[in-house]
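Please open the structure in a viewer and keep the sequence beside it.

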Amino acid sequence: ANPESYRRGLIAVIPKRWQGVISSTLEDSAFALSRWLKAQLIAMAIVGLMTGVGMWLIGVPSPLALGLIAGLLEFIPIIGPIAGALPAVLLASSQGLQLTLAAAAVALAIQQIENNVIMPVVIGRVVELPPAVGLFATVGMGLLFGPLGLLLGYPLAIVADVAIRRLYVREALGKPVAIPAERERTEEISS
């Protein structure tokens with residue numbers, strides 16, 4: 001409920017010479033995670049809207065509810081989109097084979113658009129994390145920690161990316177590296 005007290009507690013146990021760098025890393029991680037969450041909410045809304053409209057156009061009953069389910073389940077990487085398509089296909093199956101195949105085709109088309117357009121454009125540009133890194137982190141965390149790992153894999157990859165850029169590349173190696181949160185703050189100040 002109060003993340004600032006945990007942040008202060010963590011900073012207090014860090015040696016003085018590293019406190020500024022660790023504090024900046026935590027701030028940049030929080031910034032990147034907030035951007036990811038906003039982008040994820042946009043992707044969820046787009047998928048939910050496309051599902052609802054697509055199912056309405058082909059005549060599947062309850063398209064609004066199906067769009068809501070697909071949009072909410074979009075938050076869960078890899079498994080969520082599949083789980084979001086199942087209710088639509090199952091509901092369409094009560095209406096006949098032709099509608100079932102049409103619902104499956106709509107769900108497949110939406111997932112192709114989501115995987116090849118929405119996620120790379122919305123999430124990739126907002127978070128600036130290569131899609132392959134996010135995918136491998138999600139799959140790896142899912143294998144290690146199960147469903148919780150699937151949910152937390154991408155956000156943890158974002159935090160790790162910020163920490164590696166700032167603490168390892170910049171501080172340990174002494175190389176210049178771009179950190180999205182710093183660039184954003186610089187653009188806000190200059191505006």
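Begin by selecting Glu27, which is partly exposed because its relative accessible area is 39%; buried means under 20% relative accessible area, exposed over 50%, and partly exposed in between, with a 1.4 Å probe and protein chains only. This is a predicted model, in which local features need pLDDT of at least 70 and side-chain atom pairs count only at pLDDT 80 or more, whereas totals for chains, interfaces and linings use all residues. Residues are numbered from 1 along each chain as its sequence is written, and side-chain values use heavy atoms, with hydrogens and water left out.

**Glu27 and its partners**

Glu27 lies in helix H2; helices (H or I, at least four residues) and strands (E, at least two) are DSSP runs, numbered from the N terminus. Which residues are in contact with Glu27, leaving aside its neighbours within four places in sequence? They are Arg7 and Arg185, where contact means heavy atoms within 4.5 Å. Display Val162 as well: Glu27 and Val162 are 135 residues apart in sequence, yet their C-alpha atoms are 9.9 Å apart in space.

Next, select Arg7. Arg7 forms a salt bridge with Glu27, with 3.1 Å between the closest N and O atoms; a salt bridge is a side-chain nitrogen of Lys or Arg within 4 Å of a carboxyl oxygen of Asp or Glu. Arg7 lies in helix H1 and Glu27 in helix H2, so the pair ties together parts that are 20 residues apart in sequence. Side chains of opposite charge can pair when their charged atoms come close.

Glu4 is partly exposed, at a relative accessible area of 36%.

**Along helix H7**

Move to Arg165 and Asp161, whose side chains meet in a salt bridge (3.0 Å, N to O). The two are four residues apart in helix H7, so about one helical turn separates them. Arg165 counts as buried, at 17% relative accessibility. Elsewhere, salt bridges that share partners join Glu4, Arg7 and Glu27 into one network. A search of the whole structure finds four salt bridges.

Now select Arg166, which is also found in helix H7. Is Arg166 buried or exposed? Arg166 is buried, because its relative accessible area is 6%. A polar contact of 2.4 Å joins the side chains of Arg166 and Asp28; a polar contact is a pair of N or O atoms within 3.5 Å, where, within protein, one must be able to donate a hydrogen and the other to accept it, and residues adjacent in sequence count only if both atoms are side-chain atoms. Not counting residues up to four places away in sequence, Arg166 touches several residues, among them Val21, Ser24, Thr25 and Ile179.

**A buried glutamine**

Select Gln40 in helix H2. Gln40 is buried, with a relative accessible area of 4%. Residues up to four places away in sequence aside, Gln40 touches Glu74, Phe75, Met119 and Ile123.

**The nonpolar core**

Select Met55, Val60 and Ile158 together. Of the 24 residues in the largest nonpolar core, these three touch the most other members; a nonpolar core is a set of buried Ala, Val, Leu, Ile, Met, Phe, Trp, Tyr and Cys residues joined through side-chain atoms within 4.5 Å. Two or more residues of this core come from each of helix H2 (16-58), H4, helix H5 (97-127) and helix H7 (147-172). H5 gives the most, with eight residues. Around Val60, display its contacts, including Leu66, Ala88, Leu91 and Leu99. In soluble globular proteins, nonpolar side chains tend to be buried together.

Select Ser62, found in the loop between H2 and helix H3 (63-73). Phi of Ser62 is near 55 degrees, a positive value in a residue other than glycine. Ser62 is partly exposed, with a relative accessible area of 43%.
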